[in-house]
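Here's a quick briefing to read alongside the model. Take a look at the structure below, then work through the points one topic at a time.

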Amino acid sequence: MLKKITAAALSTALCVTASIPFTGNCAAGVQPTNINLSAVRSADDIPVPADLRTGETPVKKGELGNNILYFLYEDGTVYIKGYGKMGDFIGTPFEKSAKNIKKAVFINDGDGITNIGNNLFCNCPELEEAELPDTVTSIGVSSFSSCPKLKKVNIPKAVTSIGVWAFADDTSLEAIELPDSLKLIDRAAFQGCTALKEVTFPEKLETLRGLSFQNCTSLTEVTVPENVTTIGPYAFSGCTSLKKAVVKGGSKQLGEKLFEKCIALEELTLPNADTAIFRENDAEPLKWLGTLFGSFVSGYTYGVGFANTTYYIPNSLQKVTITGGTKIADEAFYGFSSLTEAVIPDDTEYLGASSFSGCSALETFKMPSKATFIGADAFLNCKMINVDIPVGVTEIGANAFENCSSVTEINVPKATNKIGDSAFSGCTSLKKAVISTCKDGIGKRVFNKCTSLGDLTLPYAGFDAESAAAKDSSCLCQLFGDYVSGYTYGVTYSGATYYVPNSLEKITVTGGTNIPDDSFYGFNSLTSLSIPDNTEYIGESSFSGCSQLKEFKIPSKATFIGADAFQNCTLINFDIPKGVTEIGASAFENCTSLTEINVPEATDKIGDSAFSGCTALKKAVISTCKNGIGKKTFNKCISLGDLTLPYAGFDPKNAASTDSSCLCQLFGEYISGYTYGVTYSGATYYVPSALEKINVTGGTNIPDDALYGFSSLTEVNIPDDTTYIGNLAFSGCSNLEKFDMPSKAEHIGNQAFNGCAKIVVDIPEGVTMIGERAFGGCTALTEINVPKATKEIGGTAFIDCTGLKKAVINGEDTIIGPNCFNKCISLESLTLPFVIPDTVKQTESESSWFKGLFGAYVSGYTYGLPWGDGTIFIPNSLKELNITNGKELPANALSGMQLENVTLPKTIESIGNSAFDGCNKILNVFYPDKQAAWDKVKVGEKNTVLDERLRVLGDDGEYHNVITTTTVSTSTTTTTTFTTTTAVTTTAAPVSDDYSLGDVDNNKAVNAVDASMVLSEYALTSTNKKSQFTEAQKKAADVDANGAINAVDASFILEYYAYTATTKEKPVTMSEYMAKKLK
C-alpha cells in the first residue's frame, strides 16, 4: 500500500517549489487517500445501474468514494455516479484503462457529488470531454492534468477552488469558463494549457497561486479582478502570446516573475506601483516592476540589472497603466526601455527616485496633477517624454529629468521648494525653463548640457534664497557643467570650468533684492536679461563678460553697483538709477555701446576705471561723488566729447586743496588716432581727441594742473563762485575758446591759461593774484582789464599774447612782474600804475623796469632798446601808455620808445633824467591837472619832448593843442597839426553797427585813436572832400550832438579818455559824461 499524503500538505509543498513544473507522472491502481471504505468490494460485486446503458456491459467499474462508483464502457465513456465526497488519489484510479477514457459523465444521486478528487483523470491521454455535476465545489490536485486531448470541460457554478495542477498540460483545452463562485485557483492549475486562448476570471476570485497559467502559450489577454488579493509568482510566465494583461488585484501579495517570458506582452495594467513583489527563497521583496519578469529569451527580451540580478523584460512591452494608489515607488519602472506609454492615476502624489529611470522610449506620459514629489533620477534618460510639472510639486530630486532630450519647456511651479543637482541635465531640446520659487534651493548643474536652452527664468540670482540675499559670490554658470563640442562655451569660476549653452540668450530673475557677486560672470551668449526693479545690490562681476547683452535695464531701486559689474558688456546702453550710492572699479569697463551716462547725486563714490573702454560714450555727467572719483575712470573713452564733473579733482577734499591734481588721470592708455598724451608726474596719460567740453559744477577751487594739456577742449564751464584757479590749471588747452572766468575768482595761478590760444576772457574784479605766465600764449586775447584788487601780476603773465591790443591794469599799487607783455606784438595801448617792485629797487634797475615788461625779438614786429647788458624788444604797435599811479618816472624809463601818446598820473612828483629821451614819435604827453600842479613836478635832464608835447588841463578842464598823426595818402610823409591837417586819413570799415558814443573804431574802448580818427575826418570834410565815415561812425563821432564832426568832438574824446585813465572809481559811459558836460 502506497504512503498516504494529504492534499493540504501537497499544496503547501507545491507552494514552496513554485518554479518546479508539472512532470505528468501519475501513479495508477491505488486506493483513495482520504476515504475510509468499510469494505473494499471487487468489481464483480459492484452492480451496474439498470438505467445506465441498457444492453451494454462496462469494461471496467470501481469505487471513487464511499458512495461514488464509476463504470467505463468500451466506447471510452466513463460514468461516475453517486453522492458525497470523492476520494483523493496519488495516481489515477482507472489504472491502465485510463488511456481508453474519452469522455467523463457524472451522475448525481441524492445530494450529489461534492468534489473532484486529486489525480482523478491524471494522464488520460484520450480524454476529450468531461461533464461535471453542479454539486461539485472543488476540483482537486492534478484531477485533469496531462489530458492532452481534453477540449471541453465545464466548471460547475458551485466550485470555489481549483487545485494544484488541476488542468496542467491539457494542451487541447481552448476555453474554460470559470464560475462566479470561484475563490481559489491553486498553483499551476492551468500550467501548460497551450491551446487555451481565453480565460475570464470571476469577480469574487480571491487567490491566484503561482504558475497557475504558466506556459499558456495561446493566451492573448487576461484580466485579474480587483478582488484577487494574492497573485503568486510565475502565474502567467511563459504565456508567449499574451499581449494584454490587466491586473486589478494583488493587494496583499504579488509574486515575482508573474509575466516571465511573456515575449508578446504589449500592454500591462497594474492596480498600483507601490506593491511589494514577493520573491522565492525568502529574498527581500521588491517594488521594482521589473521583478514581474525574468528569464532571457534571445531576440525577444532585454536585460535590466537590479538587486544583483538581471531580469529580462519583453521587447514588446510598450504600455503600462497604473490604475490606483497615490505613489509610484522608487525604481518602479526603472530600466523599462521598451515602454512608449505609461499611464498613472491623476491623484498620484509621489513619484519615487528612479521611478521611470531608463524608460528611453517613453513618449506618452501625463504628469499627475496632484503630484507633490518627484524623486531623484525619476525620469532619468526618458528621452522621448515632454511633460508639465504639476502646480503642487514641492520637490524635484537630483537628476530627476536628466537626459529627457525631448522636453522643450519646463515650468517649475511656485509650490516647488527645492530642485536637486542636475535635475534637467542633458535635456538637449529644452528651450525654455521657468523656476518660480525654490526657497530651499536650486541644485548645481541643473541645466548641464541643455544645449538648446534659450530662455531661463529664475526666482533669484543664486542657488537658494538665503545665499542670494547674503551677496556671497555665486556664479550661475554652476547651473551648467560639461563641455559639448559646438554647443557650449566655457566659464571658469573658482578654479573650475563650466560650459554654458551657446543658445542661452535670455534670463529673467523674478525675485530677490540682490544680484550676488559673479552671478552672470562670463555669460557671453546672453542678449536679454531682466532683474527685479526693486533690486538694490548688483555685485562685483555680476554681469562681467556678458558681451552680447543688449536688452537690460538697471533697476530703479539699485543702490550699489560693484566692481567689474558690467565689464565687457559691449552692447548695453542704460541709465544709472538715481539711488545708486557707489559704482565700483571697472564697473562698466568696455561697455562699448554706452553713449551717455548720468551719475546721480546719490552716488558717493566711483571706482577706478569705472567707464574705461566705453568707446562710444559721448557724454558723461557726474553729479556729486563726495567720497571720490577713481583714476582712469574714462580710460580709452575715445568718443567722449562732453564731460561734467562735480569738482575739478578726484574727491572734494582734494579739489578743495591747492594740491596738484591733473584730471588727465581720469584717462589712461594710448589709442592710435584717437588720443593725445598728457605727461603728468612722470607718467603719460592719453586723453580722447574727441573731448571738447568739460563742465565743473561744484567746488571753489580749480587745483593746480587740473586740466593741464587738454588740447582738445573747446569749452570749459566752472562754477561762478570759483575763487582759486591753480597753477597750470588750463595750461595747454590750446583749442579752448568758450570759457567764462568766474566772477568770484581771486587767484589765477602760474601758467593757469598758458597756451590757451583761443580764449577771450575778462579778469574778475576780485582777482588779487595773476601768476607767472598765467595767460602766456593766449593769442586770441585782444584786450585785458586787470582789476584794482589785483596786487600782483607774475612775470611773463601775458607773454606771447600776440593778439593783445589793449591792456589796462587798474590797481594803484599792483606789482607787475618782468616780461609781463613779452612778445605781445599787437599791443597798442597799455595802462598801468608805475609801481616798481621792491625786488627791482634792491637791484638798482628801476630805470629798466618798465621796458623789462617786454622781452624777446619777433622779426618784423619789435624794435630793440638797450637793456642792461643786452637788448630788450618792444612791440612796434605800442603807441599809447597811460600811467595811472606812481610818484616817480625813473631815469631812462621810456627812453627810445616809439610811443605817441603818454598819460602821466596826477601823483607824479619827479621825472628822471632821460625818461623821455629819444621818444621822437611822441605827439602828446597828457598831465591830468593844470599848469600850476605841473610846475611842481621835478623834471630831469634830456626830457625836451615835454617842452613841446606836454598837454595840461586848461582852466576849462580840457586839453588843448593836442596833436594827432595822419598818413598822407600819396606818400609815407607824416605831418603833425594842432587843430587841422590837410592829409587824407583812411579808416577800416567797421565790422558792425553797434557803436557806442565816442568809440569810432568800434573796439569797445574810447581813447586817443578815436580822437585821431575824428580829426582826420574833420580834415577831409573841412576841405570839401568826401567823408570816410559810415553813418554809424558819424553818430559815434558827434559826441556833442551838434550835427558837426570837428576838433571839439576830438577834444571831448581825449578829455574823456584822460578821465577813464585816471579815475579811481568805476568810469561812467561817454554818453553819461557828455550829458553832464552839456548840461
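Let's start with one side chain: Phe 144 has a relative accessible area of 0%, so it counts as buried. Keep in mind that this is a predicted model. From here we'll look at its ring partner, then at another ring pair, a couple of charges and a sheet.

- Phe 121 comes from the loop between β7 and β8, while Phe 144 belongs to the loop between β9 and β10, and the two are 23 residues apart.
- By the rule used here, there are 62 aromatic pairs.

- Phe 480 is in the loop between α2 and β35 and Phe 523 in the loop between β38 and β39, so the pair ties together parts 43 residues apart in sequence.
- Both of these residues, Phe 480 and Phe 523, are buried.

**Charges over rings**
- Lys 444 puts its charged end over the ring of Phe 463, 5.1 Å from the centre.
- Lys 631 lies over the face of Phe 650, 5.1 Å from the ring centre.

**The open sheet**
- Eight strands with parallel pairing make up an open sheet, in the order β7-β9-β11-β13-β15-β17-β19-β21.
- At the edges are β7 and β21, each pairing on one side only.
- Inside the order, β17 and β19 pair in the parallel sense over two bridges, and Thr 230 stands opposite Gln 253 in β19.

Conventions. Residues numbered from 1 in each chain as written. Predicted model: local features only at pLDDT ≥ 70, side-chain atom pairs only at ≥ 80, totals over all residues. Heavy atoms only, no water. Pairing = 2+ DSSP bridges. Helix = DSSP H or I, 4+ residues; strand = E, 2+ residues; numbered from the N terminus. Phe/Tyr/Trp six-rings, centres within 6.5 Å; stacked < 30°, edge-to-face > 60°. Buried < 20%, exposed > 50% of the residue type's maximum accessible area, 1.4 Å probe, protein only. Lys NZ or Arg CZ within 6 Å of the ring centre and 35° of its normal.
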